[in-house]
Amino acid sequence: MLLNMDYFYDVIIYGHQFTPNETANFIGIIGQMQAELGLVPSNLVNNNVTLAQNHANKAASLLTPRILVEIAEDNPRLAGDLRSAMIQLQSISSSSESQVKSVSQLVSDLNKRLGEDANVRMAQVQPTSSNFLEGVTKYLGNIFGGSDAEGKDQNTKLEALALANVIDGVLLNYGNAYRVGFDMTNMSNMAMIGNYSGPSSMVMNNPVTGNNSGTSNMNMQSMNTSSNAMTMPHHGSEVNNGYSLVNASDYQSAQALATKASEIFNTKLKHVTMSGNNNNVTAFVTSLENGLTQLNDSIAKKASPLDVMKIVHTQIHPNLLEAFNLQLRK
């Protein structure tokens, strides 16, 4: 089984601009694993065994030794079943009707149990809980409209960070799909886009006041840009709109992860408010939703990687920061 990518845990999976959190990181990885697993039966249905195996391999790569240990701490049986299932899925050799049915049921069961395990992890980090049972009670109460403001805020921030992690997965896979040659999760690489009029176009304005205030000001001062254009000559020959799709597996992953990001937003964040947040939160949440919709649409249309990158860094991330009071890395 492919368990040789533990660096994902510490480097790649984090939403790159945000202060990392171990629980949010875990939930984000679970979300990515669910997306990859879901692509296995969908490719079998289309008689593409090779792509199904590729996604099984990618799901297995996310099940690093560290993640497996964390799952085993809460649910030893699930950890064992995951190891066995990954081996089974990586060994798929046909797209027969019986195989499709068997794999679909296996993936459905695994994804349901992975979601339950993510909920257990959230329950373990409830503030002011003296034991696990109390944590579970508080977590469920927060889900169903309880009055624990501190717990609700913490749940919301963790889900928002998990969303950021999944979005980073979108960028990584989309970049690999088009073999862009640079890290799309690194906002400073936005300087390579030559069609911006200047650094002002990189500022995410407050959608209500129009002020470039707080963390919504994403003008990347460290990029040493001029007032006329943002260029990075070292990469000049690489940056154009002529990228070609070279990896269907990574493209499918990016598309599935964008869908997963919208699912997280719609089920965990869309109707949640943070205590003490400013009156503009509704505008930020609406702008975030629009950004996610545009991201999904752009990927479906196979838009330029640079356009996809722009959506994430100038629409999704700034609004995610403001809507849910996230902190930037120092």
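In this predicted model, helix α2 (residues 22-45) packs against helix α4 (residues 65-74) at an angle of about 100°, and their axes sit 12 Å apart. That angle makes α2 roughly perpendicular to α4. On the α2 side, the contact uses E22, F26, I29, I30 and M33, while α4 brings I67, E70 and I71. Sorted by type, the residues of this contact come out as six nonpolar, no polar and two charged.

Zooming out, the protein has 11 helices and zero strands. Of its 330 residues, 51% count as buried. Take the contacts between residues at least 6 apart in sequence: 77% of them join residues at least 24 apart.

Now for the charges. A search of the whole structure turns up seven salt bridges, and the table gives three of them, including where the partners sit.

| Salt bridge | N to O distance | Location |
|---|---|---|
| K58 and D250 | 2.7 Å | helix α3 and helix α9 |
| D109 and R113 | 3.5 Å | both in helix α6 |
| E289 and K270 | 2.9 Å | helix α10 and the loop between α9 and α10 |

K58 and D250 are both buried. K58 lies in α3 and D250 in α9, so their pair ties together parts that are 192 residues apart in sequence. Salt bridges with shared partners also join E36, K58 and D250 into one network.

D109 and R113 are four residues apart, about one turn of the helix. D109 is partly exposed at 32% relative accessibility, whereas R113, at 17%, counts as buried.

E289 and K270 are 19 residues apart. E289 is partly exposed, with a relative accessible area of 24%, and K270 is partly exposed at 31%.

How values were computed: Residues are numbered from 1 along each chain as its sequence is written. This is a predicted model: local features need pLDDT of at least 70, side-chain atom pairs count only at pLDDT 80 or more; totals for chains, interfaces and linings use all residues. Side-chain values use heavy atoms; hydrogens and water are left out. Axes are lines fitted to C-alpha atoms, for helices over the stretch in contact, and angles run from 0 to 180 degrees between N-to-C directions. Helices (H or I, at least four residues) and strands (E, at least two) are DSSP runs, numbered from the N terminus. Angles under 35 degrees count as roughly parallel, over 145 as roughly antiparallel, 65 to 115 as roughly perpendicular and the rest as oblique. Contact means heavy atoms within 4.5 Å. Ala, Val, Leu, Ile, Met, Phe, Trp, Tyr, Cys and Pro count as nonpolar, Asp, Glu, Lys and Arg as charged, and the others, Gly among them, as polar. Buried means under 20% relative accessible area, exposed over 50%, partly exposed in between (1.4 Å probe, protein chains only). A salt bridge is a side-chain nitrogen of Lys or Arg within 4 Å of a carboxyl oxygen of Asp or Glu.
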